[in-house]
Amino acid sequence: AASSPEALLLKDLDKLEMILQAQEYEAAQGLPLEEFYSCVPKLKSKTGKAWAEEILKRRQENKKRKKAEETGGEDGSDRAPKSRNA
């Protein structure tokens, strides 16, 4: 039986909630939770796919930022401007 567009979106939202929770746990605990992102290719709705793409993009940005912080900001992107009051 075919599902309505609304039903497909609700199923996708459930999967999106799961990957958002995984992203929060990764950030808080520093644990890679790749297995929770395996549902992304299974998303059916256009909205669900677009949101997942944005979530994954932000995840990659956060990983890069965290890595830069751990390595002392070698690219300089996370360094605060030096104060002239020193």
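Figure 1. R59 lies in helix 2, where helices are DSSP runs of H or I with at least four residues, numbered from the N terminus. In this predicted model, local features need pLDDT of at least 70 and side-chain atom pairs count only at pLDDT 80 or more, whereas totals for chains, interfaces and linings use all residues. Residues are numbered from 1 along each chain as its sequence is written, and side-chain values use heavy atoms, with hydrogens and water left out. R59 counts as buried because its relative accessibility is 6%; buried means under 20% relative accessible area, exposed over 50%, and partly exposed in between, with a 1.4 Å probe and protein chains only. When neighbours within four places in sequence are left aside, R59 is in contact with Q23, E26, E34 and Y37, contact meaning heavy atoms within 4.5 Å.

**Figure 2. The salt bridge between E26 and R59.** The closest N and O atoms of E26 and R59 are 2.8 Å apart in a salt bridge, a term that requires a side-chain nitrogen of Lys or Arg within 4 Å of a carboxyl oxygen of Asp or Glu. Because E26 lies in helix 1 and R59 in helix 2, the pair ties together parts that are 33 residues apart in sequence. E26 is buried, with a relative accessible area of 11%. A search of the whole structure finds 4 salt bridges.

Figure 3. K63 and E34 meet through their side chains in a salt bridge of 3.5 Å, N to O. K63 lies in helix 2 and E34 in the loop between helix 1 and helix 2, so this pair ties together parts that are 29 residues apart in sequence. Both partners are partly exposed, K63 at 39% relative accessibility and E34 with a relative accessible area of 42%. A salt bridge of 2.8 Å, N to O, joins the side chains of R58 and E54, which both lie in helix 2, 4 residues apart, or about one turn of the helix. Salt bridges that share partners join E26, E34, R59 and K63 into one network.

**Figure 4. The contact between helix 1 and helix 2.** The axes of helix 1 and helix 2 (residues 46-70) come within 10 Å and cross at roughly 5 degrees; axes are lines fitted to C-alpha atoms, for helices over the stretch in contact, and angles run from 0 to 180 degrees between N-to-C directions. Helix 1 is therefore roughly parallel to helix 2, a description for angles under 35 degrees. Residues making the contact include L16, I19, L20 and Q23 of helix 1 and A52, I55, R58 and R59 of helix 2. Q23 counts as buried at 15% relative accessibility, and, apart from neighbours within four places in sequence, Q23 is in contact with Y37, I55, R58, R59 and N62.

**Figure 5. A nonpolar surface patch containing L10.** L10, L13 and W51 form a nonpolar patch on the surface, with about 310 Å² of accessible area together. Patches are made of residues with over 30% relative accessible area and no salt bridge, like charges being joined within 9 Å and nonpolar side chains (Val, Leu, Ile, Met, Phe, Trp, Tyr) within 5 Å, while accessible areas come from the Shrake-Rupley method with a 1.4 Å probe and, for residues, only the protein chains shown count as cover. L10 is found in helix 1 (residues 5-29) and counts as exposed at 57% relative accessibility.

Note on methods. Helices (H or I, at least four residues) and strands (E, at least two) are DSSP runs, numbered from the N terminus. Angles under 35 degrees count as roughly parallel, over 145 as roughly antiparallel, 65 to 115 as roughly perpendicular and the rest as oblique.
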